[in-house]
Amino acid sequence: MTVWQLVGVEQLFTSDFNQKVHALNDKTNSRLEVICLLKKQKRGAVKFKTNTALVQATADNIIAN
């Protein structure tokens, strides 16, 4: 079980960010719409497994998949 709390979500997206959703009806969400949606989900708990592999690492960044 993983539990999270969302803090500082405004810093995750650039001012010109928008989300494009391709589904039955294509939709674009603005930065503000995405932030508001995330803030509504203040706390949560989910069960999931992840697998990662380190692809490349330097002093400045790490790439994993």
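Good morning. I begin with a pair of residues: Gln-19 stands opposite Asn-29 in strand S3. Please keep in mind throughout that the model before you is predicted.

Let me first place this pair in its surroundings. Strand S2 covers residues 18–21, and four bridges join it to S3. The two strands run antiparallel. The link between S2 and S3 is a hairpin of five residues. Elsewhere along this pairing, Val-21 has Lys-27 in S3 as its bridge partner.

I turn now to Asn-29 itself. Asn-29 lies in S3, which spans residues 27–30. Is Asn-29 buried or exposed? Its relative accessible area is 13%, and because that value falls under 20%, Asn-29 counts as buried.

Which side chains does Asn-29 meet through polar contacts? One partner is Gln-19, with a polar contact of 2.7 Å between the two side chains. Another is Lys-27, whose side chain is joined to that of Asn-29 by a polar contact of 3.3 Å. If neighbours within four places in sequence are set aside, Asn-29 is in contact with Asn-18, Gln-19, Val-21 and Val-34.

With a relative accessible area of 47%, Lys-27 is partly exposed, whereas Asn-29 is buried. As a general point, the side chains of a regular strand alternate between the two faces of the sheet. Again leaving aside neighbours within four places in sequence, Lys-27 is in contact with Gln-19, Lys-20 and Val-21.

Next, the aromatic residues. How many aromatic pairs does a search of the whole structure find? The search finds one. The pair is formed by Phe-13 and Phe-17; the rings are 4.5 Å apart from centre to centre, with 40° between the planes, and the pair is described as tilted. Phe-13 is buried, at a relative accessible area of 19%. Phe-17, at 26% relative accessibility, counts as partly exposed.

Let us now step back to the whole chain. The protein chain contains one helix and six strands. Read from the N terminus, the order of elements is β-β-β-α-β-β-β. Of the 65 residues in the chain, 9% are buried. Asn-29 and Phe-13 are among the buried residues. The chain exposes about 6100 Å², and carbon and sulfur atoms supply 53% of that area. Considering contacts with a separation of 6 or more, residues 24 or more positions apart account for 46%.

Finally, a word on confidence. The chain has a mean pLDDT of 79, and 78% of its residues reach 70 or more. Where in the chain is confidence lowest, and where is it highest? The lowest mean, 58, belongs to strand S1, residues 2–5, and the highest, 91, belongs to S3. Thank you for your attention.

Conventions:
Residues are numbered from 1 along each chain as its sequence is written. This is a predicted model: local features need pLDDT of at least 70, side-chain atom pairs count only at pLDDT 80 or more; totals for chains, interfaces and linings use all residues. Side-chain values use heavy atoms; hydrogens and water are left out. Buried means under 20% relative accessible area, exposed over 50%, partly exposed in between (1.4 Å probe, protein chains only). A polar contact is a pair of N or O atoms within 3.5 Å; within protein, one must be able to donate a hydrogen and the other to accept it, and residues adjacent in sequence count only if both atoms are side-chain atoms. Contact means heavy atoms within 4.5 Å. Two strands pair if DSSP finds at least two bridges between them. Rings of Phe, Tyr and Trp (its six-membered ring) pair if their centres lie within 6.5 Å; planes under 30 degrees apart count as stacked, over 60 as edge-to-face and the rest as tilted. Accessible areas come from the Shrake-Rupley method with a 1.4 Å probe; for residues, only the protein chains shown count as cover. pLDDT is the predictor's confidence in each residue, from 0 to 100.
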